[in-house]
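Please look over the sequence and the three-dimensional model shown here before reading on.

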Amino acid sequence: MRNLRLLRAAERRPGPAAAAPGAPQCFCLGAEPGTVFVGSQHGLLELGPAAHTVTREVSLIAEGFMPEDRSGCIVGLEDLPEQECVCVATAAGDILLCNLSTKEVECVGSVDSGLSTMSWSPDQELFLLVTGQQTLIMMTRDFEPITEKQIHQDDFGEEKFVALGWGKKETQFHGSEGKQAAHRKQTEVPPASAWDDGRPRVTWRGDGQFVAVSAVCPETGARKIRVWNRELVLQSTSEPISGLEQALAWKPSGSLIASTQEKPNRHDVVFLEKNGLLHGEFTLPFQKGQVKVNELLWNADSTILAIWLEDLKKDENCKPNSYVQLWTTGNYHWYLKQSLHFGNLEKNQLVSLLWDPVIPYRLHVLCQGWHYLSYDWHWTINHGMGENSQHVANVAVIDGDKVLVTAFQHAVVPPPMCTYHLQFTQAVNQIAFHTDPKHSGDMAILDADNRISVYRYGQSTVKDSTVRLGAVGGNGFKAAVETPYLDKTYRVDLGSNTNEVMNPLGLRFLTWLPDDSFLVVGQDQHATQSVLHHLTAVPHVAGAEEQCLDLRLSVSVDGEVISLCCSPVTKTVALQLADGQILKYLWEAPTPVLEPWQTSSGSAVQFPHPCVQTSLTKISGEEVILGLTDRCRFFINDTEVASNITSFATYNEFLLVTTNSHTCQCFCLKDMSVKALQTGLSSAAVPSNETLRNVERGSRIITVVPQDTKVVLQMPRGNLETIHHRALVLAQIRKWLNRLMFREAFQCMRKLRINLNLLYDHNPKVFLENVETFIKQIDSVNYINLFFTELKEEDFTKSMYPSLNGSSNAQPQQHPDQKKVNLVCDVMRVAMERIDPQKYCLSILTAYVKKSPPELETALQKVHDLRENISPDVTAVSAEEALKYLLFLVDVNELYDYSLGTYDFDLVIMVAEKSQKDPKEYLPFLNTLRKMETNYQRYTIDRHLKRYTKALGHLSKCGPEHFSEFLNLVKDQNQYYEALKLYPPSTQEYKDISDAYGDYLNQKQLYEQAALIFARAGLFAKALDSFLTSGSWQQALCMASRLGYTEDKLSSLARNMAGKLVEQRKHAEAAILLEQYTQDYEEAVLLLLEGALWEEALRLIHKYGRLDILETNFKPAIQEGDPQKTDARLSARGTA
């Protein structure tokens, strides 16, 4: 889905004096950047980086190595930087080392039979010579010969195929050709084409381990390709190929060897494996016999194949046109991406072309008129730039004279197929989409003849013959996608003369501005300056097939423009110069001007390194320029934020990037700073799941479909993959929910498996206020049921889907006293009952079941009502369907128990019939229940269902004869508290239950609670015992009073309790009992002294006037307790 875009075009034209010595014959690149060595009829020249200068020159005629009549020819040229010289091979057989600094020429070897080719290995350790006697000589870099072999060998080579004897030729399957193919004699291969120069061609594999040689066989006159290793040991020979031509290029990655083949009805580029077998081809867009292919060249990373072609001469006076075509492959389809037309003037004819070995997308071209050109290419994606139009997701791909357009808004069509294609008469070089968001699908196409064809959408009803449907059309199909029509064709004429030196692709960076004018960048006469042309359409001339664009303004740029981008939102145009400087073009001003791009702080913006992809967006409200270099360095203005970015795209407030770690990250730029973005892109940061997802290795972003959630990625092999990035999905869902577009949000969430709780959690207040809108938009019982089943109590805006920019969307809880699930179920159930209870019957049942706890009895009652009240409406849900649906939601045994708990035997039988239960199991049980009295029947059902509280309630109504059973159930299930509620306190049953309850509490050692239960029931004796056991002597005395104890019995009880209190070290309480209830104050005083309660003991001594106890008991007790403080205490009390 990518096209080749020309970043910069440099040219050099040496002056007439420099060009005088003969015509150029070949050239090579110097080790120093910008230097080019050119071999001519006269000698060797060096072209410097300046535009019109020849830096150094060596005359080989003056040195005697080339004839003075300029008939000599240089057949090989190689710069040897370590030796500071250039190796030159002449057709006469001389191998020369030319030092341009000292102008010394040294002959290091000579071949008497002459040389036809010299080719150095990529590592410059070896070079191969092809002599005039059709021999190969392999030599080292020190010009020492290794070996010499004849080109034409009868042997196949070391990799000769081995026959394993699996059947004979006659018995093998021959496909559609039939058995006659086994007996058919192999036809002889015809000789090479008449225009073939007969010279051998040599090409090395990228690692320099093998070399392929194409030569004309002297016996058959046809070409054969042989593969040799570094020791000139033959490896393989190509199979006989009819029409094989002279061009030869080994793919640097080492997999295939490219050549050309003329077939009876077409002209193909064919590929051969190292073993000599054919492996694929593609057809050139020319008729048979129309052109000849001079050379094929692969670029350094094996992604582009350059083809140099010339028209075949029809007669002697005919001047052939020259072309250079750039082909790329993807998904096993070959695309013609660029076509350079050099015309038919003699000075524009090509001499040679080379790919740069260091910069993989730089192509060097040398013409006969000493016109040197270099083109820097890079990949780009041409897609619509708007946000709201239905055509913004269009992506256009150049394929020769066709533009393949894929409308991703409608369907993701894998390449090389497309939604539709536009057919042209000339090869297409550039595509520009309209930058007006309202017309972002409109396209302007610039072809090789400098004509701009404008295609628009929507205004024409006549079918355009140049627009042809692709994957979405065909017989019996009606295309749902809208196609554009050809509106106008403009000619771009900037005053060029047809007799001038040809510079193909003189215009680049075609941009279609919102006011329907065009921007293009051209080259100034100075090589380091560009010109920005602003073109507008002139009024239409009646009868004219094409119009000429008027040049509104030309602005000279002090530097080379290497990129141009326009923002469809802000309508800003930004230009990047070769040094990284950013300029802003104010095209809407009365007099458009260029000015430096400045940040909000007023500083000028300059990229630290030139970027091959640029884009404009806003970060925190400030417009910034984004840039990506060919080395994966990503810049925002002049700040490097990441160094592992392989592609990026902007969409609304989002930035999407793919990284070398095979992830796709998405950031919201609305409230994010550049520093925060830098932190998020760093490898040390750990982004949230919402911003990052893994993708396939080598994935690159093609486009983002607006008003949708699709991100289209392309894999290295060319196939497409669509992902729905979670951040984009959630942002789009939030927009839909804010606009109350529940249907769109629901469908997206269902398809992409987003938890449906977000429908409510995004804004609970708005959802509850618009429940009826939600139900009417969804309008599907199944979808509403799905929503119910996914409901959970947690807030998903805080747990699973926090906001992308860090701000919380959580709304205040509207009903804090209610659970979320119960609230939503109740509100939606009421709304559905109000809208159409019959239509939403199943959803209403789901609402009952989903509540916590489930209201299954109510749901079953709804089913029972459906059975009783049969609706005449055919579409209404029947009781059978409703029950079947309930069984889908709830376990059948659980539902059977709930139905039994309704005491409706018809409903029970209806549920049991739908279950797997055996009628022999449940029918006798139900029949037994039917015979029982109502309350006892319900008691039996509740006891069966272990609903003991309800069972007690029903059993209590069955009369006194069942009280023993009632009491046993209470004791078995410990339902004392619930049982006490069922009888008045004055009844005997209440006392019996309390008696049992008190005994149960005593067993649990809860004596005080047991005593209270006994006391409330009037069982004072048991209450007294429990109070005694618990140590509550006050309550025990109360119970003794209620029992009417005599004074002696009460005294005995008090003395007994006093003894227990003394054991518990409660001397004060024991003394009170003895003093007040037994009148034994002497014993009380002794207990107080034993407990060291001196003050209370003194009080009793003085109360009863027993001062003698002070001497007999008090003082000794104190002395035993603390002898050192005895005197102090006695003096303090006045007792000394």
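Leu97 stands opposite Glu106 in strand 9. Strand 9 covers residues 104-110 and runs antiparallel to strand 8 (residues 94-99), with 6 bridges joining the two; two strands are said to pair if DSSP finds at least two bridges between them. Strand 8 and strand 9 form a hairpin with 4 residues between them, and Lys103 in the turn has a positive phi of about 60°.

This is a predicted model, in which local features need pLDDT of at least 70 and side-chain atom pairs count only at pLDDT 80 or more, while totals for chains, interfaces and linings use all residues. Residues are numbered from 1 along each chain as its sequence is written, and side-chain values use heavy atoms, with hydrogens and water left out. Helices (H or I, at least four residues) and strands (E, at least two) are DSSP runs, numbered from the N terminus.

## An enclosed strand

Strand 30 (residues 394-399) is largely enclosed by the rest of the structure, because 6 of its 6 residues are buried; buried means under 20% relative accessible area, with a 1.4 Å probe and protein chains only. Asn394, Ala396 and Ile398 are buried on one side of strand 30, and Val395, Val397 and Asp399 are buried on the other, so that both faces are covered.

Strand 30 pairs in the antiparallel sense with strand 29 (residues 382-383) over 2 bridges, and with strand 31 (residues 402-407), also in the antiparallel sense, over 6 bridges. Val395 is the bridge partner of His383, and Thr406 in strand 31 is the bridge partner of Val395. In the hairpin of strand 30 and strand 31, which has 2 residues between the strands, Gly400 takes a positive phi near 70°.

The axes of helix 4 (residues 726-738) and helix 5 (residues 742-752) come within 8 Å and cross at roughly 155°; axes are lines fitted to C-alpha atoms, for helices over the stretch in contact, and angles run from 0 to 180 degrees between N-to-C directions. That makes helix 4 roughly antiparallel to helix 5, a term for angles over 145 degrees.

## A nonpolar core

The largest nonpolar core has 71 residues, and Ile733, Leu759, Phe767, Phe787 and Met828 touch the most other members. Such a core is a set of buried Ala, Val, Leu, Ile, Met, Phe, Trp, Tyr and Cys residues joined through side-chain atoms within 4.5 Å.

Terms used. Buried < 20%, exposed > 50% of the residue type's maximum accessible area, 1.4 Å probe, protein only. Parallel < 35°, antiparallel > 145°, perpendicular 65-115°, else oblique.
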